[in-house]
Amino acid sequence: MNDEEIVKFFEKEEVLLSPDAVELLKEKSDESLLKKILEKRGEEVFISREFIEQLIEEEKKIPLPVVEVKRASDFKPISKEYSPELKFLKEYDVSGKCNCGGSVDDFVNLFRDRLKKTRKMLEMRVGATGITDIGATGGFTKGREVRIVGMVNNKMITKNGHVMVELESEEGVAKVLALKSNREPERSCFEKANTLLLDEVVAIDGRVSDPFIIASDVIWPDLPIRTQKVIDRDLCIAFMSDLHVGSRNFMQEQFQKMLGWLNGEMGDENGKELVGRIKYIIIAGDLVDGIGVYPEQEKELVIKDIYEQYELFLKFVSSIPDYIEVIIAPGNHDAVRRAEPQPEITKDLLKAGNGRMHVVGNPSLVDIEGFRTLVYHGTSLDSIIAGIRGMSYQYPEKPMVELLKRRNLSPIYGENPVVPESKDYMLIEEVPDIVHMGHVHKNGYDNYKGTVIVNSGTWQSQTDFQVRQGHTPSPCILPVLDLRSGRMNVINFMKREVA
Ligand SMILES: [Fe+2]
């Protein structure tokens, strides 16, 4: 960079430099140093040469941790013989630029899109005929049976303990009562109504009893029942999330042990047969701990520079054998916009190395060997766990099932920020074969109607925040799905065992 470019770079931020500071920066010719100065300057608007020299000295004192990954020379993985079968289904890709102004109209359009598409999914399940317009139910005689579809815009418990919801569509609003009862079928209808979430779209069966509709059933769009997909190719997918590189709680030793294992460095025979068949690794967000994600995060960080956090992350990724395709999505700790859908992490942070590293948005739909794989960090799991009785952080597969039932990755508006793109990217329009999430730092697995559910836990030990919340994470457990047998294998790098 020449003098003029350096001065311009800082002028944009309304920062001035002394002439000898410009001279020094020209000498160093290091673009990351310029960014570092802006980060570290605090309120300072005038930067001297001394300030920069001091910063350079400070940086020298904290070298990035050394990455040490062992590699076995006699390792002959079978997956090396296979070429990857990988397609990125563009539908979930987001540009990073919101195509809207964030106006009320944009949100109205987003909800219209959600209503229209979820109604279609419901029609696929229960049939298009027999659904009554919400607006028409007012004129119906008492006792008439109806099926209505709408978005839950209010939910309350009446003083008699019944669940009352307002169901809204473009034609009007219906007040629905699910009566509290110990008798079937009312009891199960009441239980279902009790789990309704704000802003989700459902069908409700009931009978007219002006001004209410007395519910007899609640129907979600849900997934069709299929048999779990398997293939003939002898390959596996490994799942990771929530590494939190840069945090003092990132478990580097165990992570390196796992990377060594991927390189055939067994130590013992555990998982040897499995590791050579891994062809794909998906990392579902929170690659790094980030900066300023929560108050006083500084105290928890050993790397306080976001570029360095990603630099270290990339060092680890480059230790993954080069015949393995690595798919990387962001999470709420990563350096992209917080609101979902999140765009992919930009190239200046994740320099794609050798072409086998694939950076995608959150959420993303990826076709791996014919398995439609839905990758979502899982930020909305917090609101599902808080919003439905019986959910807990100990069993993340349960709220994941609830999201699949609703065919929506983020049903409750406002609980986690959503950008009003022209369509609802959080809808699960395609039936996935695999759903991979993280975020809650607890491993969980299930098979829901033929869809493999995996929560890949974390590589971060229990944080102070989690201690206060009473949440016990399950760090360093790597789930590996065998695509041929359909079996989920779980390798514990705290203990190094195959379960
Ligand atoms: Fe997260």
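**Close-up views of the predicted model**

View 1. Strand β15 (residues 434-437) runs parallel to strand β17 (residues 451-456), with 4 bridges between them. Strands here are DSSP runs of E with at least two residues, helices are runs of H or I with at least four residues, and both are numbered from the N terminus; two strands pair if DSSP finds at least two bridges between them. M437 stands opposite N455 of β17. The open sheet has 6 strands in the order β3-β13-β14-β15-β17-β16, with mixed pairing. β3 (86-89) and β16 (443-448) are at the edges with a single partner strand each, so one side of each has no neighbour in the sheet. From one strand to the next the twist averages 20°, with axes fitted to C-alpha atoms and angles taken from 0 to 180 degrees between N-to-C directions.

This is a predicted model, in which local features need pLDDT of at least 70 and side-chain atom pairs pLDDT 80 or more, while totals for chains, interfaces and linings use all residues. Residues are numbered from 1 along each chain as its sequence is written, and side-chain values use heavy atoms, leaving out hydrogens and water.

**View 2. The iron site.** D286 (OD), N332 (OD1), H377 (NE2) and H439 (ND1) coordinate the iron ion at 2.2 to 2.3 Å. Donors are N, O and S atoms within 2.8 Å of the metal (3.2 Å for Na, K and Ca); water is not among the atoms, so sites may look incomplete. Along the chain the donors follow the spacing D-x45-N-x44-H-x61-H. N332 lies in the loop between β11 (325-329) and β12 (357-359), and H439 in the loop between β15 and β16, so the pair ties together parts 107 residues apart in sequence.

**View 3. The largest nonpolar core.** Among the 48 residues of this core, W261, L262, I278, F313 and W459 touch the most other members. A nonpolar core is a set of buried Ala, Val, Leu, Ile, Met, Phe, Trp, Tyr and Cys residues joined through side-chain atoms within 4.5 Å. Helix α9 supplies the largest share, 7 residues. Leaving aside residues up to four places away in sequence, I278 touches S79, C236, A238, W261, L262, Y323, I324 and V480, contact meaning heavy atoms within 4.5 Å.

**View 4. S209 in strand β7.** S209 belongs to strand β7 (residues 201-209). S209 is buried, with a relative accessible area of 17%. Not counting residues up to four places away in sequence, S209 touches K142 and I214.

Notes:
Buried < 20%, exposed > 50% of the residue type's maximum accessible area, 1.4 Å probe, protein only.
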